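Here are my notes on the model you asked me to look over. They are set out as numbered points and can be read alongside the coordinates.

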Amino acid sequence: MRRHRLLPLCALLGVLCAGLLPNLEAQEAQESADLVLLIDGSQNIGAANFPFVRDLALRIIESLDVGRDTVRVSLVLYNGNPQIIFNLNSYDSKSSVLEAVKGLAYSGGDESNLGLALEEVANSLLSQTTGGRAEEGVPQMLVVVSAGPSTDDTVAGDQALKENSVITFGVTIGDTATADLEAVATDKSFVLLAPDVRALASIRDQLLQFINGVVQRNIIVQTEFTEGM
């Protein structure tokens, strides 16, 4: 049985814990990561509020060193089904990624099947086929932005992400999505609350600290193997 344990001391002190990240030596400490942005595109957000969410995605990407060998980005909207906007290997330049995000349109829909979307991320979007670099020792992370509770079960998708050592953060708009995001986040402290969409800009810097913590190997997950069960 695998158990995953966050090492918060590394994040708190900015100290790199040697020997805990596979292939770190081979990486030569290059700052890199695979990042999936998973955004609620259902009626939980609403058409009038969606531009604020799109702007958060743009500001985050603008602040990162996006490139083939540095930070790769994938973006997915979810409502009844996950809608893949682009994969990790769809674009090589930051400018191309930003142009794709600028064209992001509100999708709508009554359902917000976060569980189904998490399974898609775990099983497909972080794979080597779509540009995932887990086999090269590159850390993988997921940022979920949600404005309401999931309409399906999230257990299977959450388990698949944790088994693959994906570090998950959450941004909840209002408090109705808090319970779901705290359940799927790597740590409850990795869930940020925006009282409304206009407050998203104020939590951007804190979210970037989390993301850069993974990129710089200051936030890592240790996988433990336990016999039995």
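1. Overall make-up. This is a predicted model. Its protein chain has eight helices and eight strands. Of the 229 residues, 50% count as buried. Among contacts with a separation of 6 or more, 78% are between residues 24 or more positions apart.

2. The sheet. Six strands form an open sheet in the order S4-S3-S2-S5-S6-S7, and the pairing is mixed. Strand S4 (82-86) and S7 are the edges, each pairing on one side only. From one strand to the next the twist averages 20 degrees.

3. S2 against S3. Strand S2 (residues 33-40) and strand S3 (residues 71-78) run parallel and are joined by eight bridges. Asp40 of the chain has Tyr78 as its bridge partner in S3.

4. Burial of S3. Is S3 enclosed or open to the outside? Eight of the eight residues of S3 are buried, so the strand is largely enclosed by the rest of the structure. In a regular strand the side chains alternate between the two faces of the sheet. In S3, Val71, Val73, Leu75 and Leu77 point one way, while Arg72, Ser74, Val76 and Tyr78 point the other way.

5. H8 against H3. Helix H8 (residues 200-215) also meets helix H3 (residues 50-62): their axes come within 10 Å and cross at roughly 40 degrees. The crossing is right-handed. From H3 the contact uses Phe52, Val53, Leu56, Arg59 and Ile60, and from H8 it uses Leu200, Arg204, Leu207, Leu208 and Ile211. By class, the residues of this contact are eight nonpolar, no polar and two charged.

6. Aromatic pairs, H3 side. The model has five aromatic pairs. In one of them, the ring centres of Phe50 and Tyr106 are 5.9 Å apart and the planes stand at 55 degrees, so the pair counts as tilted. The two residues are 56 residues apart, with Phe50 in helix H3 and Tyr106 in the loop between helix H4 (94-102) and helix H5 (114-125). How do the partners stand in burial? Phe50 is buried, with a relative accessible area of 2%, whereas Tyr106 is partly exposed at 29%.

7. Aromatic pairs, H8 side. Phe190 and Phe210 form another tilted pair, with 4.9 Å from centre to centre and 55 degrees between the planes. Phe190 sits in the loop between helix H7 (178-184) and strand S7 (191-194) and Phe210 in helix H8, so the pair ties together parts 20 residues apart in sequence. Phe190 and Phe210 are both buried. Ring pairs also bring in Phe169, giving a cluster of Phe169, Phe190 and Phe210.

8. Positive phi at Ser165. Ser165 is not a glycine, yet its phi is positive, at about 60 degrees. The residue is found in the loop between helix H6 (155-163) and S6. With a relative accessible area of 25%, Ser165 is partly exposed.

9. Positive phi at Arg217. Which loop holds Arg217? Arg217 is in the loop between H8 and strand S8 (221-225). Its phi is near 65 degrees, again a positive value in a residue other than glycine. Is the residue buried or exposed? The relative accessibility of Arg217 is 3%, and the cut-off for buried is under 20%, so Arg217 counts as buried.

Key
Residues numbered from 1 in each chain as written. Predicted model: local features only at pLDDT ≥ 70, side-chain atom pairs only at ≥ 80, totals over all residues. Heavy atoms only, no water. Axes fitted to C-alpha atoms, helices over the stretch in contact; angles between N-to-C directions. Helix = DSSP H or I, 4+ residues; strand = E, 2+ residues; numbered from the N terminus. Left-handed = near helix turned anticlockwise from the far one by under 90°. Contact = heavy atoms within 4.5 Å. Nonpolar A, V, L, I, M, F, W, Y, C, P; charged D, E, K, R; others polar. Phe/Tyr/Trp six-rings, centres within 6.5 Å; stacked < 30°, edge-to-face > 60°. Buried < 20%, exposed > 50% of the residue type's maximum accessible area, 1.4 Å probe, protein only. Pairing = 2+ DSSP bridges.
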